[in-house]
Amino acid sequence: MQSSPNMLTKFESKSSRAKGIAFHPKRPWILVSLHSSTIQLWDYRMGTLIDRFEEHDGPVRGIDFHPTQPMFVSGGDDYKIKVWNYQTRRCMFTLNGHLDYVRTVFFHHELPWILSASDDQTIRIWNWQNRSLICTMTGHNHYVMCAQFHPTEDLIASASLDQSVRIWDISGLRKKHSAPTTISFEDQMARANPSQADMFGNTDAVVKFVLEGHDRGVNWVSFHPTLPLIVSAGDDRLIKLWRMSDTKAWEVDTCRGHFQNASACLFHPHQDLILSVGEDKTIRCWDLNKRTSVQSFKRDLDRFWVIAAHPEINLFAAGHDTGVMVFKLERERPASAVYQNQLFYITKEKHVKSYDFGKNAESPPMLSLRKLGSPWVPPRTLSYNPAERAILVTSPTDGGVYELIHLPRDATGAVEPTDVKRGQGSSAVFVARNRFAVFSQGNQQVDIKDLSNATTKSIKPPAGTTDIYFGGTGCLLFITPTSVVLFDIQQKKQLAELAVSGVKYVVWSNDGLYAALLSKHNVTIVTKTLEQVSSLHETIRIKSAAWDDAGVLLYSTLNHVKYSLLNGDNGIIRTLDQTVYLVKVKGRSVYCLDRSAKPRVLDIDPTEYRFKLALVKRNYDEMLQIIKTSSLVGQSIISYLQKKGYPEIALQFVQDPQTRFELALECGNLEVAIEMARELDRPNLWNRLGAEALAHGNHQTVEMAYQKQRNFDKLSFLYLSTGDQEKLSRMAKIAEHRGDFTSRFQNAIYRGDVEDRIQMFKEVDLYPLAYLTAKSHGLTDEAESILEACGLTEDQITLPTIDEPLRVPQPIVPTFKANWPVKAAAHSSFEKALLGEVGAGDDEPAAIEFEPEEEDEAVAGRDTFEDEEEDVAGWDMGDEINVEEDAEFVNVESAEAGAGSTEADLWARNSPLAADHVAAGSFETAMQLLNRQVGAVNFAPLKPRFLEIYKGSKTYLPASASLPPLVNYVRRTVEETDSRKVLPVIPRDLETIANVDLQEGYAAMRANKLEEGVQIFKGILHSILLNTVSSEAEVEQAKKIIATAREYILAMSIELERRSLSTDTPEGLKRSLELSAYFTIPKLEVAHRQLALMAAMKFAFANKNYSSALSFANRMLANGGSPKLLEQARKIKLQSERSPQDKVDIEFDQFAEFDICAASYTPIYGGSPSVSDPFTGAKYHEQYKGTVCRVSEVTEIGAPASGLRLFVPGQY
Amino acid sequence: MDPFSAEGELINIHNAFHQGQYPAVIEFDTSALSPENQLPAGILQLRAQIALGQSDAVLADVAGGADDTPDLAAVKALAQHTTGDIESAYTLAQDLAENYPDNSTVQVLAGTVLQAQGHSEEALALLTKHQGNLEAVALIVQIHLHQNRSDLALKEVQAAKRWAQDSLLVNLAESWVGLRVGGEKYQAAFYVYEELASAPSTAAPLSIVGQAVAELHLGRLPEAEAALSAALEKYPDEAELIANTIVLNVLAGKPTEELEQRLQQTHPSHALLSDIQEKSDLFDTAALKYAPRVSS
């Protein structure tokens, strides 16, 4: 077969001539009927022969699967039609009747009918349920080569060597058989005796049209799946297209090209294509609408006899002289590229679309690539360049072409791209921001091109390179059939080479550190320097891969999604019902494109690989988390852990005592092992436990194990070696008790107990030995008595020479008292994590001085602040420094030599806001502005803020060596390039102040760190004083924050003043009581005001100021809040109500509205003269006018001021 | 042919120098180079040494040949300048500019010395005599930017792009201008530096700083922080890394004192410190003009 870029052979079999083919509608199976009388059942996906059926005699030409039942039908040159069950693998029955070769057999799509065409010039319909012939169609006057049912209507098409194609109407037959209740007696008779059916005047099947046009015999005919079209193939080497209406049928056109007999033809199930095969050894593909040849594939030696299409997926099969090939017409892998959260891909309509992983939304089409390549060839690859928002698309047409296209800013529809750069090349990828590489396989050259499509460099790749891929910034990967080469473009040198064969795709990890090289059956993971990390083999074809953010590779095969860790551990994640191409993994979702180029999201359970990853990374906390939250525990994970050398972790999962015992032994955890051995109590286990314990030197466990096994000998020896005399003697007793003399003897020797030994010898009548023992140990009396008992005298016996008796050595160290000192088995970190988990959570958060229950309420948003009645207009009016934009503006465009103005100067010019002037370094004008806007006079406290803003305004970019860095100015107007509108960035924006600083202030209040709190709130005031905001709404928010800060500073200052007083003197006490009352006046958050009230109430109550206490209690109750606080308030209220009198008369009118002077902390009642601070709005008695505000520490009380400006409309 | 063009054998050492990979430049094996390229390569290595602060060694190196070879004399002038011998550096640079205005090394190095001493006009006058010397172009761009003439800098870059689009220096110079111009150019500059910083063969403090600065200007503080903090661990004494981290921390509302101290210790003359000091003094004097009417 000529290598055609467009035809993808998926499976080939070798056999004798294949005459018939049928696809299974659901499974990846194909039936092939052979000229050699065999029928083969193949799994074309796995490439395996599932079964062979050999009952026909001679060639088998017709074959068909039933659409739903587990059966198929075949027809052969033995005139027989056989119906088979492929599950039982048997021929169920044979239909006899044809009088010559059977050419084709087909099942009806819904009725229980089989259609057969035969050389006996008849077409027959059989009912396979009652196994009878129900209709015989005659009319052709030569062999009928093919007969097919219409896919939906009651029509049959037949092709015959009589040069005609006939269309038959079988609606009469359907009628007759669809209503069995109304069948007449005659019909029943007729059906019961089909052989006697009248062949003439038969109305069951009538010829509707006779299509004449072929000059020679017609070999094949097919209906179009949806349109009223018919295609036929004949020995006149023509493929003819026919159209029919209800009343007539006519020839539409002829496809010329086959130069030998055309054997078979069909319509493409989904596309406007006709496929045909012929004895000229070609498969040809025709455009249905233009009737022009689209593509043809030639096989060198084998004539083609039959072609079949899969009913659903894009697969075809063709039978030829030496077997069958299953193929696709085109790649179904949609071209796609992922960049961050976006997927760019090309649909079947050749539209470029994007998919947003964040929103899970598809964009409308952005571009139409209709003109790329040829109409029937989908684009092969897509490479995306985020810097230029450009795509590079390749198509295999004409040896490969590429196009460089800029994507439109917004997806507005499938527009034709305007500015397209194109050229020849089999692969093209972006290699840098402004460069792409084009590989031409024909002349083995890689051109590096710039975005104007001009070649800047040419590289000669290693011989035999088949493809190129991005190789990390500035690098390329060359793929050859046997290796992958990493090449640095700039240095023009090969950096690394790795021998991996047949790599087809390269998938980079999200962090660019690893790449997966995919070949048909292997995945090789390499580092970015092309060092192999791991490799794995799959028997099923690998289709695609994508990396998880944690560095786990997920890959898809034809039927599974699997994972592989970097170390090569892999497993199945889920099964697939159809092939998909993974593009991205995000959490529990795997994003992929299916074969129709639709984005799909698959849900997966990442637990298993996350667990394994955590294990590899020794991230025990995460493992624990996973164990706790998922039902992971299974035999597979345990054996995995065991295999990977983590028995101690596996131990944590297992319940089964036997497994636990094994694992415990493996990791030397004797405690668990003992526990399990006790539970199971099997000698074998005790034996193993004893051996293991002995190895540990844990003789107490050994002892127990031996005891459990009743292994007395070993026990005795153990006691001997550990020096446990007491137990040894007990063993001796036991031996005596058992009557086991050997054991007793042994124990006696161990213990050095001579008497017992003699005694025992005597008991077993071994007097000579007893005597000898006694004698040798110098026990003369005993020896005498033994002699006596035997009735012998010393002369009568001869004794061997006796040496010194052997003394049993006495153990010096009482080993038995304790186990061998073994290095304490530390808990593994995992166990620690387990234990730590148990131990944690006891600590209560440290109590704070005020009531802790308030915490959650205190977090309540800043939105609840009460509105200040302040003049809104004051904020925007009074433009002090009027920027005459155009008049003053120095035209920087002028080409005169000399220095221009810095951007900082521009900032000061562009903005009337003090903060911008500070950023520009123009401190004088900034101070001037602040003085006029808010009467600022004391700038010292603002110095940190000034310097902070200034420091954040410039960056330092190193440029030429040995020169100072280039200074650049950081803008808040990032998008802006007009020098009249650029403005500086101001650190600590309002959002930060509200979300961070203000919350810190509240926290200080809650935690009763008042000094700190005052500083925080003052810092907030200073930050706002020098700031900018982006909307009127934010101006309002800033004002609220200023007011809040003021109230808190005032309140905290009052309380701090009170704490500094002593209450020993009556004056001091009075002032203290007053201050504690004033503390309740500032407008704090309710929760905080409750704290103030609580403090005031308790203090007043303690000093018998019941009236005040009562008023505080009432206010608290009115505010509501935590029950505990309210309970106290209620108590105090009850008691105070008995005598609502104040003991100390204080200056606090609980019924009047008043403000507190922020300098003297005394009331300013309504109507009395007061002055306020122009910035914070804090109130003061008149005598403080002209002094520095106590709250802001910056502004002058009562100074004339136009109001703080933070915002210029139109500036943003 | 331009010895630094993409086809030349000096391309790698040249690029390494301009990516700030000075140690790589010094270690570069020059023995394989053709004789006419030996001198330019040697000059680059000397310049790399100067950039690493080994000016004294360089002075000793060039002592012999400085009188005969204007290239080495120019190196000497630069070395003198960096060791603080301002006067003689200036005299030598002027002398060279007068006598060898067509020598490209003289153009670049004398131009650098003149510019560094504030004689921008003289520097420009010398540099504009160049004949396709990209380094001179880069220097001109920098001087223009220093003078806040981004319009002229842009022109210079665009002119250079016409004949040397692929060059690293032109790309860098374009990014310098881009970071001044702002808007979409920030992103373009970011891509240039990101590309340099991400490729293992070209990563150096210089490119990481460039990337981080671009991120700062783009307002992408977390990304800038990631880049800078990783780089600071690797190159703890790199002045611009510290300086820009200070800027970052200010913008992110984090403390900067420790870094300022570090900068003070390692590079007491850094522009940031002197600038802050100057502004601090300015603040104090300016604040003196104001006082409350009634002191309390």
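Reply: Chain A comes to 30 helices and 62 strands (DSSP runs numbered from the N terminus, H or I of at least four residues for helices, E of at least two for strands). This is a predicted model, where local features need pLDDT of at least 70, side-chain atom pairs count only at pLDDT 80 or more, and totals for chains, interfaces and linings use all residues. Residues are numbered from 1 along each chain as its sequence is written, with chains lettered from A and ligands numbered from 1 in the order in which they are written.

Of the 1212 residues in chain A, 45% are buried (20 or more other C-beta atoms within 10 Å of a residue's own; 12 or fewer is exposed, in between is partly exposed, with C-beta atoms placed from the backbone). Take contacts in chain A between residues at least 6 apart in sequence: 47% of them join residues at least 24 apart (contact means C-beta atoms, placed from the backbone, within 7 Å).

The part I'd zoom in on is strand β7 of chain A, residues 71-76. Five of its six residues are buried, so β7(A) is largely enclosed by the rest of the structure. On one side there's β6(A), residues 60-65, paired antiparallel with β7(A) over five bridges (DSSP must find at least two bridges for a pair). Here A:F65 has A:F72 of β7(A) as its bridge partner, and the two strands make a hairpin with five residues between them. β7(A) also runs antiparallel to β8(A), residues 81-85, again joined by five bridges, with A:V73 standing opposite A:V83 of β8(A). The hairpin of β7(A) and β8(A) has four residues between the strands, and A:Y79 takes a positive phi near 65 degrees there.

Further along chain A, another bit of strand pairing shows up. β46-β47-β48-β49 of chain A, in that order, form an open antiparallel sheet of four strands. β46(A) (503-508) and β49(A) (532-537) are the edges, each with a single partner strand, so one side of each has no neighbour in the sheet. Ignoring direction, neighbouring strands here are turned by 20 degrees against each other on average. β48(A), residues 522-527, pairs antiparallel with β49(A) over five bridges, and A:I525 has A:S534 as its bridge partner in β49(A).

For helix packing, look at α28(A) (1086-1102) and α30(A) (1123-1138): their axes are 11 Å apart, at an angle of about 30 degrees (axes are lines fitted to C-alpha atoms over the stretch in contact, angles running from 0 to 180 degrees between N-to-C directions). That makes α28(A) roughly parallel to α30(A) (under 35 degrees; over 145 is roughly antiparallel, 65 to 115 roughly perpendicular, the rest oblique). In this packing A:Q1090, A:M1094, A:M1097 and A:F1101 of α28(A) meet A:L1125, A:A1129, A:I1132 and A:S1136 of α30(A). The contact has six nonpolar, two polar and no charged residues (Ala, Val, Leu, Ile, Met, Phe, Trp, Tyr, Cys and Pro are nonpolar, Asp, Glu, Lys and Arg charged, the others, Gly among them, polar).

Then there's chain B, with 17 helices and zero strands; 52% of its 296 residues are buried. The contact between the chains takes 64 residues from chain A and 67 residues from chain B. On the chain A side, α23(A) gives the most, six residues. By class, that side has 27 nonpolar, 22 polar and 15 charged residues.

Methods. Contact = placed C-beta atoms within 7 Å.
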